[in-house]
Amino acid sequence: MRRLLLTSVILLSLLISGCSLSGNAESSTIKIASVVTTESQILAYITKYMIEHYTDEEAEIINNLGTGTVVHQAMVNGDVNISAVRYTGTDVTGALHAQPIKDADEALAFVQKEFTEEFNQTFFDSYGFENTYAFMVTKETAEKYNLKSVSDLASIAGELEAGVDTSWMNREGDGYKAFVEEYGFDFSRTYPMQIGLVYDAVDSGELDVVLGYTTDGRISSYDLVVLEDDLNFFPPYDASPFADNELLEEKPEIKETLDRLVGKISTKTMQDLNFLADNNLIEPAVVAEQFLKENDYFSGGDE
């Protein structure tokens with residue numbers, strides 16, 4: 001009986017040891033976080049393919065995380081070690097709980113310093129594009145009311161119904177309440193919605209004006225008019241790769257690879273990539289691969 005018990009203990013120890021080894025092997029894989037947006041998914045695949053092209057590492061995408069807050073917590077917990085994209089405006093007020101910073105260079109310098117010191121993480125320089133909030137209307141509405149800027153809405157806002165990103169309604173600093181104070185007007189009704197639904201709603205005439213994202217491919221799909229933020233209410237939302245410093249120190253080739261992407265994707269380019277996925281229904285993985293092949297995986301470095 002004792003011999004049987006001893007044998008069972010040894011087998012259990014081996015099993016636990018085997019599971020631990022398996023876990024360590026899995027943890028060596030580079031884990032890339034992506035939220036549910038098309039943009040984040042395309043950039044996640046771009047990051048994955050770049051890493052696998054330039055290094056001997058395997059990369060896995062942890063997809064469809066709900067929000068930037070979830071991604072931040074996953075990074076802090078060590079569940080992922082790269083975020084495909086982070087936005088300065090989001091992290092200034094979100095993860096860092098600071099007041100909005102309107103100057104783009106100042107905002108980037110702030111998040112880079114604070115994330116290094118507080119979380120030991122690197123907020124890279126921008127991909128080259130900004131994805132900020134913007135109010136949009138159909139071309140017919142713009143022509144009817146001669147709308148070019150957000151301020152042009154003031155005289156008719158009381159007659160219009162708007163759709164906005166749910167999270168924006170309660171954002172501090174650059175959310176709904178601050179917007180009403182800054183611009184001095186409100187809409188007849190403002191509906192909080194999932195961001196992906198606002199474009200269909202304005203295109204179908206269910207809503208008059210919506211708050212969307214400047215790089216969204218559906219702007220082109222629906223031929224929407226983006227109104228100028230003439231009071232510069234929205235802070236900069238420059239987009240950057242993001243990684244844990246322990247990973248970058250252990251594998252410096254990862255940093256070299258991510259640096260190749262800095263300054264390589266313009267706002268127009270990102271909008272075009274999103275358009276291919278959202279309008280032409282091409283999978284984000286395919287969009288990313290085609291884009292990298294067309295650009296020779298940015299092999300030149302100084303292109």
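View 1. H9 is followed by Gly205, whose phi is positive, near 85°. Everything here comes from a predicted model, in which local features need pLDDT of at least 70 and side-chain atom pairs count only at pLDDT 80 or more, while totals for chains, interfaces and linings use all residues. Residues are numbered from 1 along each chain as its sequence is written, and side-chain values use heavy atoms, leaving out hydrogens and water. Helices (H or I, at least four residues) and strands (E, at least two) are DSSP runs, numbered from the N terminus. Within H9 (residues 195-203), Ile195, Val198, Tyr199, Ala201 and Val202 are buried (under 20% relative accessible area, with a 1.4 Å probe and protein chains only). Seen down the axis of H9, these buried residues fall within an arc of 165° (taken from the directions from the helix axis to the C-beta atoms), so they line one face of the helix. Their packing partners include strands E5 (133-138) and E6 (161-165), as well as helix H10 (218-221).

**View 2. Gln194, in the loop between E7 and H9.** Gln194 is exposed (over 50%), with a relative accessible area of 59%. Its C-alpha atom is separated by 6.1 Å from that of Thr166, 28 residues apart along the chain.

**View 3. Helices H2 and H12 packed together.** H2 (residues 38-54) and H12 (residues 252-259) pack at an angle of about 125°, with their axes 10 Å apart. Contact (heavy atoms within 4.5 Å) is made by Thr47, Met50, Ile51 and Tyr54 of H2 and by Ile254, Thr257 and Leu258 of H12.

Note on methods:
Axes fitted to C-alpha atoms, helices over the stretch in contact; angles between N-to-C directions.
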